[in-house]
2 protein chains.
Amino acid sequence: MLQEQWGKRIAYLGPEASFTYLATKGLFAESWLVPYTTIPECIEAVADGKVDLAVVPVENALEGSVPLTVDYLFHEADLFVTAELLSKIQQHLMVHKNQAACWKDIKAIYSHPHALAQCHKYLFYQFAGVPLNQYSSTAAAAKLVSESPDECIAAIGNSSAAAKYGLEIVEKNIHDFHFNHTRFFVLSKENGRVTKGGASSGPKTTFMLTLPTDGSGALHQVLSVFAWRKLNLSKIESRPLKTGLGDYFFIIDVLADEEEPMMKGAVEELGALGCSVKSLGTYYTYNTPE
Amino acid sequence: MLQEQWGKRIAYLGPEASFTYLATKGLFAESWLVPYTTIPECIEAVADGKVDLAVVPVENALEGSVPLTVDYLFHEADLFVTAELLSKIQQHLMVHKNQAACWKDIKAIYSHPHALAQCHKYLFYQFAGVPLNQYSSTAAAAKLVSESPDECIAAIGNSSAAAKYGLEIVEKNIHDFHFNHTRFFVLSKENGRVTKGGASSGPKTTFMLTLPTDGSGALHQVLSVFAWRKLNLSKIESRPLKTGLGDYFFIIDVLADEEEPMMKGAVEELGALGCSVKSLGTYYTYNTPE
(Lines give C-alpha, C1' and ligand atoms only; values in the text may rest on other atoms or scores of the structure.)
Protein backbone atom coordinates (compact mmCIF):
# COMPACT_ATOMS: atom_id res chain seq x y z
CA MET A 1 0.00 0.00 0.00
CA LEU A 2 1.26 3.46 -0.84
CA GLN A 3 0.47 4.92 2.58
CA GLU A 4 2.45 2.24 4.39
CA GLN A 5 5.43 2.88 2.19
CA TRP A 6 5.31 6.66 2.16
CA GLY A 7 3.12 8.03 4.92
CA LYS A 8 -0.09 9.93 4.53
CA ARG A 9 0.91 13.57 4.52
CA ILE A 10 1.41 14.90 1.00
CA ALA A 11 2.22 18.58 0.50
CA TYR A 12 1.23 20.10 -2.85
CA LEU A 13 1.37 23.52 -4.46
CA GLY A 14 -2.09 24.80 -3.61
CA PRO A 15 -4.66 26.08 -3.35
CA GLU A 16 -7.16 23.28 -3.80
CA ALA A 17 -8.13 22.90 -7.48
CA SER A 18 -4.67 23.91 -8.69
CA PHE A 19 -3.18 21.82 -11.49
CA THR A 20 -0.79 20.35 -8.91
CA TYR A 21 -3.80 19.32 -6.79
CA LEU A 22 -5.38 17.53 -9.76
CA ALA A 23 -2.12 15.68 -10.48
CA THR A 24 -1.56 14.74 -6.82
CA LYS A 25 -5.13 13.51 -6.42
CA GLY A 26 -4.51 11.12 -9.33
CA LEU A 27 -1.97 9.17 -7.27
CA PHE A 28 -2.86 9.78 -3.61
CA ALA A 29 -6.02 9.80 -1.51
CA GLU A 30 -7.59 13.24 -1.27
CA SER A 31 -7.65 13.19 2.54
CA TRP A 32 -3.84 13.04 2.72
CA LEU A 33 -3.25 16.24 0.78
CA VAL A 34 -2.02 19.43 2.45
CA PRO A 35 -1.87 22.63 0.35
CA TYR A 36 1.12 25.00 0.59
CA THR A 37 1.28 28.44 -0.98
CA THR A 38 4.66 28.44 -2.71
CA ILE A 39 7.06 25.94 -4.25
CA PRO A 40 9.81 26.63 -1.64
CA GLU A 41 7.26 26.09 1.16
CA CYS A 42 6.30 22.69 -0.32
CA ILE A 43 9.95 21.69 -0.59
CA GLU A 44 10.83 22.95 2.91
CA ALA A 45 7.81 21.09 4.36
CA VAL A 46 9.14 17.73 3.20
CA ALA A 47 12.77 18.63 4.00
CA ASP A 48 11.72 19.54 7.57
CA GLY A 49 9.66 16.37 8.01
CA LYS A 50 6.35 18.22 8.35
CA VAL A 51 5.01 16.06 5.52
CA ASP A 52 6.11 12.74 4.00
CA LEU A 53 6.09 13.79 0.35
CA ALA A 54 5.75 17.01 -1.62
CA VAL A 55 4.39 17.45 -5.15
CA VAL A 56 5.61 20.43 -7.20
CA PRO A 57 5.54 21.29 -10.92
CA VAL A 58 8.90 20.89 -12.66
CA GLU A 59 8.28 21.42 -16.39
CA ASN A 60 5.57 22.50 -18.78
CA ALA A 61 5.60 21.44 -22.42
CA LEU A 62 5.19 25.04 -23.61
CA GLU A 63 6.84 27.20 -20.99
CA GLY A 64 9.74 24.90 -20.16
CA SER A 65 11.17 24.21 -16.75
CA VAL A 66 9.85 25.80 -13.60
CA PRO A 67 13.07 27.59 -12.57
CA LEU A 68 12.12 27.90 -8.91
CA THR A 69 11.70 24.13 -8.53
CA VAL A 70 14.86 23.20 -10.41
CA ASP A 71 17.02 25.85 -8.71
CA TYR A 72 15.67 25.12 -5.23
CA LEU A 73 16.39 21.40 -5.65
CA PHE A 74 19.94 22.19 -6.73
CA HIS A 75 20.88 25.03 -4.38
CA GLU A 76 18.76 24.61 -1.26
CA ALA A 77 17.46 21.09 -0.72
CA ASP A 78 18.70 17.51 -0.56
CA LEU A 79 15.70 15.57 -1.73
CA PHE A 80 14.92 12.71 -4.07
CA VAL A 81 12.31 12.24 -6.78
CA THR A 82 10.15 9.21 -5.95
CA ALA A 83 7.72 9.57 -8.87
CA GLU A 84 6.86 11.81 -11.79
CA LEU A 85 3.26 12.78 -12.54
CA LEU A 86 2.18 13.84 -16.00
CA SER A 87 -0.97 15.95 -16.48
CA LYS A 88 -2.70 17.31 -19.56
CA ILE A 89 -3.19 21.05 -19.17
CA GLN A 90 -6.41 22.56 -20.46
CA GLN A 91 -7.04 26.25 -19.85
CA HIS A 92 -10.52 27.76 -19.85
CA LEU A 93 -11.79 31.32 -19.55
CA MET A 94 -14.20 31.66 -16.62
CA VAL A 95 -16.27 34.47 -15.08
CA HIS A 96 -18.65 34.94 -12.16
CA LYS A 97 -22.17 33.73 -13.00
CA ASN A 98 -23.48 37.29 -12.59
CA GLN A 99 -21.16 38.39 -15.38
CA ALA A 100 -21.79 35.53 -17.78
CA ALA A 101 -23.88 37.66 -20.17
CA CYS A 102 -21.26 40.36 -20.65
CA TRP A 103 -18.09 38.29 -20.65
CA LYS A 104 -16.94 39.74 -23.96
CA ASP A 105 -16.49 43.09 -22.20
CA ILE A 106 -14.08 41.76 -19.57
CA LYS A 107 -12.12 44.56 -17.89
CA ALA A 108 -9.25 42.45 -16.52
CA ILE A 109 -8.03 38.87 -16.66
CA TYR A 110 -6.29 37.05 -13.78
CA SER A 111 -4.19 33.92 -13.84
CA HIS A 112 -0.80 32.35 -13.20
CA PRO A 113 1.93 33.79 -15.48
CA HIS A 114 2.35 30.39 -17.20
CA ALA A 115 -1.37 30.15 -17.92
CA LEU A 116 -1.41 33.70 -19.33
CA ALA A 117 1.59 32.83 -21.50
CA GLN A 118 -0.05 29.59 -22.65
CA CYS A 119 -3.06 31.59 -23.89
CA HIS A 120 -0.96 34.45 -25.32
CA LYS A 121 -2.34 34.35 -28.87
CA TYR A 122 -5.94 33.87 -27.81
CA LEU A 123 -5.69 36.84 -25.44
CA PHE A 124 -3.87 38.93 -28.05
CA TYR A 125 -6.58 38.41 -30.68
CA GLN A 126 -9.67 38.34 -28.44
CA PHE A 127 -8.76 40.69 -25.61
CA ALA A 128 -6.06 43.07 -26.89
CA GLY A 129 -5.59 45.89 -24.42
CA VAL A 130 -7.31 44.13 -21.51
CA PRO A 131 -4.92 44.11 -18.52
CA LEU A 132 -3.49 40.70 -17.68
CA ASN A 133 -2.79 40.31 -13.96
CA GLN A 134 -0.42 37.68 -12.69
CA TYR A 135 -1.56 35.59 -9.75
CA SER A 136 0.19 32.93 -7.70
CA SER A 137 -1.97 30.15 -9.17
CA THR A 138 -4.87 29.61 -11.54
CA ALA A 139 -7.04 28.52 -8.60
CA ALA A 140 -6.20 31.67 -6.61
CA ALA A 141 -7.27 33.71 -9.64
CA ALA A 142 -10.55 31.77 -9.83
CA LYS A 143 -11.11 32.40 -6.12
CA LEU A 144 -10.59 36.14 -6.62
CA VAL A 145 -13.14 36.23 -9.45
CA SER A 146 -15.64 34.28 -7.30
CA GLU A 147 -15.26 36.92 -4.58
CA SER A 148 -15.94 39.82 -7.00
CA PRO A 149 -19.49 39.18 -8.28
CA ASP A 150 -20.00 42.79 -9.38
CA GLU A 151 -16.80 43.15 -11.37
CA CYS A 152 -16.56 42.11 -14.99
CA ILE A 153 -13.29 40.22 -14.61
CA ALA A 154 -12.22 36.74 -15.71
CA ALA A 155 -9.83 34.02 -14.60
CA ILE A 156 -8.01 31.45 -16.68
CA GLY A 157 -7.75 27.99 -15.14
CA ASN A 158 -8.89 24.39 -15.13
CA SER A 159 -12.43 23.01 -14.95
CA SER A 160 -11.95 21.91 -11.37
CA ALA A 161 -11.24 25.52 -10.30
CA ALA A 162 -14.43 26.64 -12.09
CA ALA A 163 -16.41 23.94 -10.28
CA LYS A 164 -14.90 24.63 -6.87
CA TYR A 165 -15.46 28.38 -7.02
CA GLY A 166 -18.80 28.24 -8.85
CA LEU A 167 -17.59 30.09 -11.94
CA GLU A 168 -19.01 29.77 -15.42
CA ILE A 169 -16.69 28.65 -18.21
CA VAL A 170 -17.42 30.98 -21.12
CA GLU A 171 -14.73 29.74 -23.50
CA LYS A 172 -13.10 26.28 -23.35
CA ASN A 173 -9.56 25.26 -24.31
CA ILE A 174 -8.17 28.70 -25.01
CA HIS A 175 -4.53 27.55 -24.80
CA ASP A 176 -2.57 28.26 -28.00
CA PHE A 177 -0.90 24.88 -28.50
CA HIS A 178 -2.16 21.32 -28.21
CA PHE A 179 -0.05 18.63 -26.54
CA ASN A 180 0.25 20.79 -23.45
CA HIS A 181 1.37 18.73 -20.46
CA THR A 182 3.01 19.51 -17.14
CA ARG A 183 5.44 17.25 -15.28
CA PHE A 184 5.35 17.15 -11.49
CA PHE A 185 7.95 15.69 -9.12
CA VAL A 186 6.93 13.74 -6.01
CA LEU A 187 9.76 14.57 -3.60
CA SER A 188 10.96 12.72 -0.51
CA LYS A 189 13.88 12.84 1.91
CA GLU A 190 14.57 9.20 1.12
CA ASN A 191 15.87 7.77 -2.12
CA GLY A 192 13.08 5.39 -3.10
CA ARG A 193 10.38 5.10 -5.70
CA VAL A 194 6.63 5.06 -5.63
CA THR A 195 5.60 1.74 -7.15
CA LYS A 196 2.01 1.30 -8.10
CA GLY A 197 0.26 -0.37 -11.02
CA GLY A 198 -0.20 1.77 -14.12
CA ALA A 199 3.15 3.50 -14.47
CA SER A 200 3.20 4.88 -18.00
CA SER A 201 6.96 4.79 -18.33
CA GLY A 202 10.19 4.43 -16.49
CA PRO A 203 12.60 3.95 -14.97
CA LYS A 204 14.10 7.41 -15.39
CA THR A 205 16.97 8.96 -13.42
CA THR A 206 17.63 12.68 -12.94
CA PHE A 207 21.15 13.98 -12.39
CA MET A 208 22.24 17.51 -11.62
CA LEU A 209 25.86 18.09 -12.48
CA THR A 210 28.50 20.76 -12.75
CA LEU A 211 31.39 20.55 -15.21
CA PRO A 212 35.01 20.67 -14.08
CA THR A 213 35.88 23.44 -16.60
CA ASP A 214 33.98 25.47 -19.13
CA GLY A 215 36.42 24.49 -21.86
CA SER A 216 34.98 23.80 -25.30
CA GLY A 217 34.87 20.06 -24.89
CA ALA A 218 33.62 19.66 -21.30
CA LEU A 219 29.94 19.05 -22.03
CA HIS A 220 30.84 16.99 -25.07
CA GLN A 221 32.93 14.74 -22.83
CA VAL A 222 30.06 14.37 -20.36
CA LEU A 223 27.67 13.37 -23.12
CA SER A 224 30.23 10.88 -24.44
CA VAL A 225 29.98 9.03 -21.13
CA PHE A 226 26.29 8.39 -21.84
CA ALA A 227 26.47 8.12 -25.64
CA TRP A 228 28.90 5.22 -25.99
CA ARG A 229 26.81 3.27 -23.46
CA LYS A 230 23.67 3.99 -25.52
CA LEU A 231 22.07 5.49 -22.42
CA ASN A 232 19.26 7.65 -23.79
CA LEU A 233 18.87 11.19 -22.47
CA SER A 234 15.27 12.42 -22.52
CA LYS A 235 16.33 15.91 -21.46
CA ILE A 236 19.32 18.13 -20.87
CA GLU A 237 18.97 21.62 -19.55
CA SER A 238 21.34 24.31 -18.31
CA ARG A 239 20.58 26.60 -15.38
CA PRO A 240 22.68 29.39 -13.88
CA LEU A 241 25.02 28.43 -11.03
CA LYS A 242 24.38 31.95 -9.66
CA THR A 243 28.13 32.51 -9.38
CA GLY A 244 28.33 34.67 -12.51
CA LEU A 245 26.96 34.98 -16.03
CA GLY A 246 28.13 32.03 -18.09
CA ASP A 247 28.41 29.55 -15.19
CA TYR A 248 25.83 26.77 -15.42
CA PHE A 249 24.83 23.47 -13.93
CA PHE A 250 23.09 20.84 -16.02
CA ILE A 251 20.00 18.76 -15.35
CA ILE A 252 20.12 15.49 -17.24
CA ASP A 253 17.28 12.95 -17.40
CA VAL A 254 18.44 9.46 -18.39
CA LEU A 255 15.98 6.74 -19.40
CA ALA A 256 17.58 4.06 -17.21
CA ASP A 257 17.79 2.82 -13.63
CA GLU A 258 20.71 4.14 -11.60
CA GLU A 259 21.24 0.60 -10.25
CA GLU A 260 22.08 -0.75 -13.73
CA PRO A 261 25.79 -1.53 -14.23
CA MET A 262 26.03 0.85 -17.21
CA MET A 263 24.63 3.71 -15.12
CA LYS A 264 26.96 2.97 -12.22
CA GLY A 265 29.86 3.03 -14.65
CA ALA A 266 28.68 6.32 -16.13
CA VAL A 267 28.41 8.02 -12.73
CA GLU A 268 31.85 6.73 -11.77
CA GLU A 269 33.37 8.13 -14.96
CA LEU A 270 31.64 11.49 -14.50
CA GLY A 271 33.34 11.72 -11.11
CA ALA A 272 36.68 10.76 -12.65
CA LEU A 273 36.24 13.56 -15.22
CA GLY A 274 35.95 15.99 -12.33
CA CYS A 275 32.19 16.56 -12.54
CA SER A 276 30.24 17.03 -9.36
CA VAL A 277 27.17 14.81 -9.67
CA LYS A 278 23.99 14.94 -7.58
CA SER A 279 21.48 12.15 -8.27
CA LEU A 280 17.82 12.83 -7.57
CA GLY A 281 17.20 9.08 -7.87
CA THR A 282 15.32 6.76 -10.21
CA TYR A 283 11.55 6.96 -10.56
CA TYR A 284 8.52 5.97 -12.65
CA THR A 285 6.04 8.20 -14.48
CA TYR A 286 2.29 8.15 -13.83
CA ASN A 287 -0.30 9.82 -16.06
CA THR A 288 -3.04 11.80 -14.33
CA PRO A 289 -6.43 10.36 -15.31
CA GLU A 290 -8.49 12.90 -17.32
CA MET B 1 28.70 56.74 -36.82
CA LEU B 2 26.20 54.36 -35.30
CA GLN B 3 23.13 56.28 -36.47
CA GLU B 4 24.26 56.23 -40.12
CA GLN B 5 24.77 52.51 -39.95
CA TRP B 6 21.64 51.59 -38.01
CA GLY B 7 19.11 54.41 -38.02
CA LYS B 8 17.92 56.39 -35.05
CA ARG B 9 14.84 54.61 -33.82
CA ILE B 10 15.63 52.12 -31.07
CA ALA B 11 12.80 50.24 -29.38
CA TYR B 12 13.43 49.02 -25.83
CA LEU B 13 11.46 47.22 -23.14
CA GLY B 14 10.14 50.17 -21.19
CA PRO B 15 9.08 52.11 -19.35
CA GLU B 16 11.80 54.71 -18.99
CA ALA B 17 14.18 53.80 -16.13
CA SER B 18 13.80 50.08 -16.73
CA PHE B 19 17.01 48.02 -16.69
CA THR B 20 16.67 47.68 -20.47
CA TYR B 21 16.55 51.48 -20.75
CA LEU B 22 19.78 51.82 -18.74
CA ALA B 23 21.51 49.26 -20.95
CA THR B 24 20.25 50.82 -24.19
CA LYS B 25 21.27 54.32 -23.11
CA GLY B 26 24.81 53.01 -22.63
CA LEU B 27 25.15 52.41 -26.38
CA PHE B 28 22.68 54.76 -28.07
CA ALA B 29 21.70 58.41 -27.75
CA GLU B 30 18.80 58.93 -25.38
CA SER B 31 16.74 60.87 -27.94
CA TRP B 32 16.55 57.83 -30.23
CA LEU B 33 14.91 55.55 -27.69
CA VAL B 34 11.26 54.48 -27.95
CA PRO B 35 9.75 52.51 -25.06
CA TYR B 36 7.47 49.51 -25.72
CA THR B 37 5.46 47.71 -23.06
CA THR B 38 6.21 44.05 -23.74
CA ILE B 39 8.99 41.95 -25.25
CA PRO B 40 6.81 40.76 -28.19
CA GLU B 41 5.88 44.39 -28.94
CA CYS B 42 9.59 45.36 -29.07
CA ILE B 43 10.34 42.45 -31.39
CA GLU B 44 7.32 43.10 -33.62
CA ALA B 45 8.25 46.80 -33.85
CA VAL B 46 11.61 46.01 -35.44
CA ALA B 47 10.20 43.15 -37.54
CA ASP B 48 7.53 45.52 -38.94
CA GLY B 49 10.07 48.29 -39.67
CA LYS B 50 8.53 50.73 -37.15
CA VAL B 51 11.99 51.03 -35.54
CA ASP B 52 15.51 50.23 -36.74
CA LEU B 53 16.65 48.19 -33.75
CA ALA B 54 15.07 46.68 -30.63
CA VAL B 55 16.72 45.96 -27.28
CA VAL B 56 15.29 43.17 -25.12
CA PRO B 57 16.63 41.19 -22.15
CA VAL B 58 17.69 37.64 -23.01
CA GLU B 59 19.35 36.20 -19.89
CA ASN B 60 19.94 37.01 -16.25
CA ALA B 61 22.83 35.49 -14.31
CA LEU B 62 20.50 34.31 -11.53
CA GLU B 63 17.16 33.65 -13.16
CA GLY B 64 18.46 32.25 -16.44
CA SER B 65 17.06 32.89 -19.88
CA VAL B 66 14.08 35.11 -20.51
CA PRO B 67 11.83 32.47 -22.10
CA LEU B 68 9.61 34.97 -23.91
CA THR B 69 12.58 36.48 -25.78
CA VAL B 70 14.19 33.17 -26.69
CA ASP B 71 10.92 31.52 -27.73
CA TYR B 72 9.69 34.53 -29.71
CA LEU B 73 12.98 34.70 -31.64
CA PHE B 74 12.69 31.00 -32.48
CA HIS B 75 8.98 30.63 -33.19
CA GLU B 76 7.73 34.02 -34.35
CA ALA B 77 10.46 36.31 -35.71
CA ASP B 78 13.28 36.27 -38.26
CA LEU B 79 15.73 38.71 -36.76
CA PHE B 80 19.45 38.96 -36.12
CA VAL B 81 21.50 39.93 -33.09
CA THR B 82 23.69 42.92 -33.94
CA ALA B 83 25.15 43.44 -30.43
CA GLU B 84 24.93 42.15 -26.90
CA LEU B 85 24.74 44.51 -23.93
CA LEU B 86 25.83 43.45 -20.46
CA SER B 87 24.52 45.29 -17.38
CA LYS B 88 25.17 44.88 -13.68
CA ILE B 89 21.87 44.49 -11.86
CA GLN B 90 21.49 46.13 -8.44
CA GLN B 91 18.12 45.96 -6.71
CA HIS B 92 17.04 48.44 -4.07
CA LEU B 93 13.99 48.70 -1.84
CA MET B 94 12.22 52.05 -2.33
CA VAL B 95 9.14 53.76 -0.89
CA HIS B 96 7.27 57.05 -1.32
CA LYS B 97 8.96 59.88 0.62
CA ASN B 98 5.80 60.22 2.77
CA GLN B 99 6.29 56.63 3.92
CA ALA B 100 10.04 56.75 4.51
CA ALA B 101 9.67 56.76 8.31
CA CYS B 102 7.53 53.63 8.51
CA TRP B 103 9.08 51.54 5.74
CA LYS B 104 9.63 48.58 8.06
CA ASP B 105 5.84 48.17 8.24
CA ILE B 106 5.39 47.83 4.49
CA LYS B 107 2.04 46.26 3.61
CA ALA B 108 2.89 45.10 0.07
CA ILE B 109 5.88 44.96 -2.25
CA TYR B 110 5.72 45.42 -6.03
CA SER B 111 8.25 44.47 -8.68
CA HIS B 112 9.03 42.40 -11.74
CA PRO B 113 8.93 38.64 -11.01
CA HIS B 114 12.68 38.34 -11.72
CA ALA B 115 13.50 41.16 -9.26
CA LEU B 116 11.29 39.55 -6.59
CA ALA B 117 13.06 36.23 -7.19
CA GLN B 118 16.49 37.90 -7.06
CA CYS B 119 15.66 39.24 -3.58
CA HIS B 120 13.94 36.06 -2.42
CA LYS B 121 16.03 35.50 0.72
CA TYR B 122 16.07 39.12 1.76
CA LEU B 123 12.28 39.27 1.44
CA PHE B 124 11.86 35.94 3.23
CA TYR B 125 13.89 37.05 6.25
CA GLN B 126 12.87 40.74 6.41
CA PHE B 127 9.31 40.73 5.12
CA ALA B 128 7.88 37.22 5.65
CA GLY B 129 4.13 37.27 5.06
CA VAL B 130 4.10 40.60 3.18
CA PRO B 131 2.34 40.08 -0.18
CA LEU B 132 4.66 40.21 -3.19
CA ASN B 133 2.91 41.55 -6.28
CA GLN B 134 4.27 40.90 -9.73
CA TYR B 135 4.46 43.84 -12.12
CA SER B 136 5.47 44.11 -15.76
CA SER B 137 8.73 45.91 -14.91
CA THR B 138 10.63 47.31 -11.95
CA ALA B 139 10.05 50.85 -13.26
CA ALA B 140 6.29 50.28 -13.57
CA ALA B 141 6.31 49.14 -9.93
CA ALA B 142 8.21 52.30 -8.91
CA LYS B 143 5.68 54.39 -10.82
CA LEU B 144 2.80 52.72 -8.96
CA VAL B 145 4.41 53.44 -5.59
CA SER B 146 5.00 57.08 -6.60
CA GLU B 147 1.28 57.40 -7.39
CA SER B 148 0.22 56.02 -3.98
CA PRO B 149 1.66 58.50 -1.45
CA ASP B 150 -0.73 57.41 1.31
CA GLU B 151 -0.12 53.68 1.08
CA CYS B 152 2.72 52.00 2.90
CA ILE B 153 3.93 49.99 -0.09
CA ALA B 154 7.37 49.49 -1.60
CA ALA B 155 8.90 48.78 -4.98
CA ILE B 156 12.10 46.93 -5.83
CA GLY B 157 14.12 48.38 -8.68
CA ASN B 158 17.20 50.29 -9.81
CA SER B 159 18.43 53.68 -8.63
CA SER B 160 17.35 55.35 -11.86
CA ALA B 161 13.73 54.31 -11.24
CA ALA B 162 13.94 55.77 -7.72
CA ALA B 163 15.31 59.04 -9.14
CA LYS B 164 12.78 59.28 -11.96
CA TYR B 165 9.75 58.65 -9.73
CA GLY B 166 11.07 60.56 -6.72
CA LEU B 167 11.15 57.56 -4.40
CA GLU B 168 13.40 57.14 -1.40
CA ILE B 169 15.74 54.15 -1.35
CA VAL B 170 15.42 52.71 2.18
CA GLU B 171 17.63 49.62 1.69
CA LYS B 172 20.33 49.28 -0.98
CA ASN B 173 21.54 46.14 -2.78
CA ILE B 174 18.96 43.73 -1.41
CA HIS B 175 19.61 41.11 -4.11
CA ASP B 176 20.66 37.73 -2.70
CA PHE B 177 23.66 37.01 -4.92
CA HIS B 178 26.53 39.15 -6.15
CA PHE B 179 27.73 38.94 -9.75
CA ASN B 180 24.23 39.61 -10.98
CA HIS B 181 24.25 40.68 -14.62
CA THR B 182 21.68 40.73 -17.40
CA ARG B 183 22.39 40.20 -21.09
CA PHE B 184 20.39 42.16 -23.66
CA PHE B 185 20.15 41.52 -27.41
CA VAL B 186 20.13 44.40 -29.90
CA LEU B 187 17.94 43.01 -32.69
CA SER B 188 17.72 44.01 -36.35
CA LYS B 189 16.10 42.72 -39.55
CA GLU B 190 19.52 42.72 -41.16
CA ASN B 191 22.42 40.42 -40.38
CA GLY B 192 25.12 42.90 -39.35
CA ARG B 193 26.96 43.95 -36.24
CA VAL B 194 27.17 47.12 -34.23
CA THR B 195 30.84 48.10 -34.27
CA LYS B 196 31.94 50.75 -31.85
CA GLY B 197 35.03 51.22 -29.73
CA GLY B 198 35.01 49.52 -26.36
CA ALA B 199 33.54 46.11 -27.10
CA SER B 200 34.33 43.98 -24.06
CA SER B 201 34.34 40.70 -25.94
CA GLY B 202 33.45 39.01 -29.16
CA PRO B 203 32.89 37.87 -31.73
CA LYS B 204 30.13 35.51 -30.60
CA THR B 205 27.57 33.68 -32.75
CA THR B 206 24.18 32.40 -31.62
CA PHE B 207 22.58 29.39 -33.29
CA MET B 208 19.14 27.92 -32.72
CA LEU B 209 18.92 24.34 -33.82
CA THR B 210 16.68 21.32 -33.80
CA LEU B 211 18.03 17.78 -33.82
CA PRO B 212 17.11 15.26 -36.52
CA THR B 213 16.13 12.59 -33.95
CA ASP B 214 15.93 12.39 -30.19
CA GLY B 215 18.11 9.27 -30.15
CA SER B 216 20.66 8.99 -27.38
CA GLY B 217 23.56 10.28 -29.42
CA ALA B 218 21.99 13.18 -31.35
CA LEU B 219 23.12 16.03 -29.11
CA HIS B 220 26.46 14.32 -28.57
CA GLN B 221 26.97 14.26 -32.34
CA VAL B 222 26.10 17.96 -32.61
CA LEU B 223 28.60 18.87 -29.91
CA SER B 224 31.26 16.74 -31.63
CA VAL B 225 30.97 19.06 -34.64
CA PHE B 226 32.12 21.95 -32.44
CA ALA B 227 34.43 20.01 -30.09
CA TRP B 228 36.89 18.59 -32.61
CA ARG B 229 37.26 22.08 -34.13
CA LYS B 230 37.97 23.50 -30.67
CA LEU B 231 35.12 25.95 -31.14
CA ASN B 232 34.25 27.05 -27.61
CA LEU B 233 30.58 27.08 -26.57
CA SER B 234 29.80 29.73 -23.95
CA LYS B 235 26.26 28.46 -23.55
CA ILE B 236 23.90 25.68 -24.51
CA GLU B 237 20.28 25.70 -23.51
CA SER B 238 17.22 23.65 -24.35
CA ARG B 239 13.74 25.11 -24.80
CA PRO B 240 10.46 23.36 -25.61
CA LEU B 241 9.56 23.06 -29.30
CA LYS B 242 5.91 23.33 -28.17
CA THR B 243 5.06 20.20 -30.14
CA GLY B 244 4.97 17.94 -27.09
CA LEU B 245 6.71 17.28 -23.79
CA GLY B 246 10.25 16.09 -24.47
CA ASP B 247 10.69 17.91 -27.80
CA TYR B 248 13.31 20.66 -27.58
CA PHE B 249 15.30 23.09 -29.66
CA PHE B 250 18.75 24.20 -28.56
CA ILE B 251 20.30 27.64 -28.31
CA ILE B 252 24.06 27.48 -28.71
CA ASP B 253 26.42 30.43 -28.27
CA VAL B 254 29.81 29.90 -29.94
CA LEU B 255 32.79 32.16 -29.22
CA ALA B 256 33.70 32.59 -32.89
CA ASP B 257 32.76 34.49 -36.04
CA GLU B 258 30.37 32.70 -38.39
CA GLU B 259 32.53 33.83 -41.32
CA GLU B 260 35.52 31.79 -40.09
CA PRO B 261 36.23 28.67 -42.16
CA MET B 262 35.87 26.38 -39.10
CA MET B 263 32.42 27.84 -38.36
CA LYS B 264 31.30 27.49 -42.00
CA GLY B 265 32.44 23.88 -41.90
CA ALA B 266 30.56 23.28 -38.64
CA VAL B 267 27.29 24.72 -39.98
CA GLU B 268 27.63 22.66 -43.15
CA GLU B 269 28.12 19.48 -41.15
CA LEU B 270 25.19 20.25 -38.86
CA GLY B 271 23.03 20.43 -41.98
CA ALA B 272 24.46 17.16 -43.24
CA LEU B 273 23.57 15.55 -39.88
CA GLY B 274 19.96 16.55 -40.51
CA CYS B 275 19.84 19.43 -38.02
CA SER B 276 17.82 22.49 -38.86
CA VAL B 277 20.02 25.48 -38.05
CA LYS B 278 18.97 29.12 -37.67
CA SER B 279 21.82 31.59 -37.18
CA LEU B 280 21.09 34.81 -35.32
CA GLY B 281 24.41 36.16 -36.58
CA THR B 282 27.74 37.19 -35.09
CA TYR B 283 28.00 40.11 -32.67
CA TYR B 284 30.16 41.87 -30.06
CA THR B 285 29.46 42.45 -26.37
CA TYR B 286 29.38 45.93 -24.78
CA ASN B 287 29.36 46.55 -21.03
CA THR B 288 26.93 49.15 -19.73
CA PRO B 289 28.86 51.90 -17.90
CA GLU B 290 27.96 51.96 -14.17
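Select B:Glu76 and A:Lys121: in this predicted model they form a salt bridge across two chains, with the closest N and O atoms 3.3 Å apart. A salt bridge here is a side-chain nitrogen of Lys or Arg within 4 Å of a carboxyl oxygen of Asp or Glu. Between chain B and chain A the count is 2 salt bridges.

Residues are numbered from 1 along each chain as its sequence is written, and chains are lettered from A in the order in which they are written. Local features need pLDDT of at least 70, side-chain atom pairs count only at pLDDT 80 or more, and totals for chains, interfaces and linings use all residues, while side-chain values use heavy atoms, without hydrogens and water.

Next, show the whole interface. Here 44 residues of chain B are in contact (heavy atoms within 4.5 Å) with 45 residues of chain A.

Now move to chain A and select A:Glu59 and A:Arg183, whose side chains meet in a salt bridge of 2.7 Å, N to O. A:Glu59 is in strand β3 (residues 53–60) and A:Arg183 in strand β11 (residues 181–188), so the pair ties together parts 124 residues apart in sequence. Strands are DSSP runs (E, at least two residues), numbered from the N terminus. Both A:Glu59 and A:Arg183 are buried, meaning under 20% relative accessible area with a 1.4 Å probe, protein chains only.

Then select A:Glu84 and A:Lys204, a salt bridge of 3.2 Å, N to O. A:Glu84 is buried at 2% relative accessible area, and A:Lys204 is buried at 10%.

Key: Helix = DSSP H or I, 4+ residues; strand = E, 2+ residues; numbered from the N terminus. Buried < 20%, exposed > 50% of the residue type's maximum accessible area, 1.4 Å probe, protein only.
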